[in-house]
Amino acid sequence: MDFDEALMTIPKEAMKMGKELKVPLANQALAILNEAHKHTGQLEYVFMSTIGIGKNKPIGESATINAIRRMIDPRTGKAFGTGFMTSHGFRHTASTMLNELEYPADAIELQIAHVTQNIVRSTYNKAELMPLRTNMMTEWADYIDNLLNNPYSHFPSN
């Protein structure tokens, strides 16, 4: 984590495709990480397992899926349960919405760590589009904040 540069770097060893990922952080993400640091600053990971064979390792996907299942739908007051959303589904949703907001596909794909299947293009194009991705993440965080502050603004009013 580089708080001064508002940048998180995920090493290639932690990435499925074996390529380092630099993630620009919006102010909202920095605020969340700074708050978490108060509780986890001495630990190696922000979100770390504290039980079983995964102890002292980053939480796995099952932990995030279980957290999503326990989330409460503000419209019904009930837990989302199974089949509603997965952690990977957030990437799907973000990609779809960012495409709807007309961000360039290259910036979106870089942000969600997709590697182009075009071998020639991937060999020659090493662009990271960091200024564009930084702006995109800032606008995305603002969009999410708007949803939090106006939770029903994106539902039809019927």
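Before anything else, a definition: a helix here is a DSSP run of H or I of at least four residues, and helices are numbered from the N terminus. The model is a predicted one.

I'll start with a loop. I59 is found between α1 and α2, and α2 covers 61-70. I59 has 35% relative accessibility, so I59 counts as partly exposed. Together with V46 and F47, I59 makes a nonpolar surface patch of about 250 Å².

Next, the charged pairs. Side chains of opposite charge can pair when their charged atoms come close. How many salt bridges does the structure hold? There are two.

One of them joins E35 and K38, with N to O at 3.0 Å. Where do these two residues sit relative to each other? Both are in helix α1, residues 27-40, and they are three residues apart, which means a separation of about one helical turn. E35, at 39% relative accessibility, counts as partly exposed. K38 is at 63%, and because exposed means over 50%, K38 falls in the exposed class.

The other pair is E20 with K22. Here the closest N and O atoms are 3.9 Å apart, and the cut-off for a salt bridge is within 4 Å, so the pair counts. E20 has 43% relative accessibility and is partly exposed. K22 has 26%, and K22 is also classed as partly exposed.

Last, the backbone. Most residues other than glycine have a negative phi.

E102 is not a glycine, yet its phi is positive, about 65°. Is E102 buried or exposed? At 70% relative accessibility, E102 counts as exposed.

L129 is placed in the loop between α5, which covers 119-124, and α6, which covers 130-149. The relative accessibility of L129 is 31%, so L129 is partly exposed.

Notes. Residues are numbered from 1 along each chain as its sequence is written. This is a predicted model: local features need pLDDT of at least 70, side-chain atom pairs count only at pLDDT 80 or more; totals for chains, interfaces and linings use all residues. Side-chain values use heavy atoms; hydrogens and water are left out. A salt bridge is a side-chain nitrogen of Lys or Arg within 4 Å of a carboxyl oxygen of Asp or Glu. Buried means under 20% relative accessible area, exposed over 50%, partly exposed in between (1.4 Å probe, protein chains only). Patches are made of residues with over 30% relative accessible area and no salt bridge: like charges are joined within 9 Å, nonpolar side chains (Val, Leu, Ile, Met, Phe, Trp, Tyr) within 5 Å. Accessible areas come from the Shrake-Rupley method with a 1.4 Å probe; for residues, only the protein chains shown count as cover.
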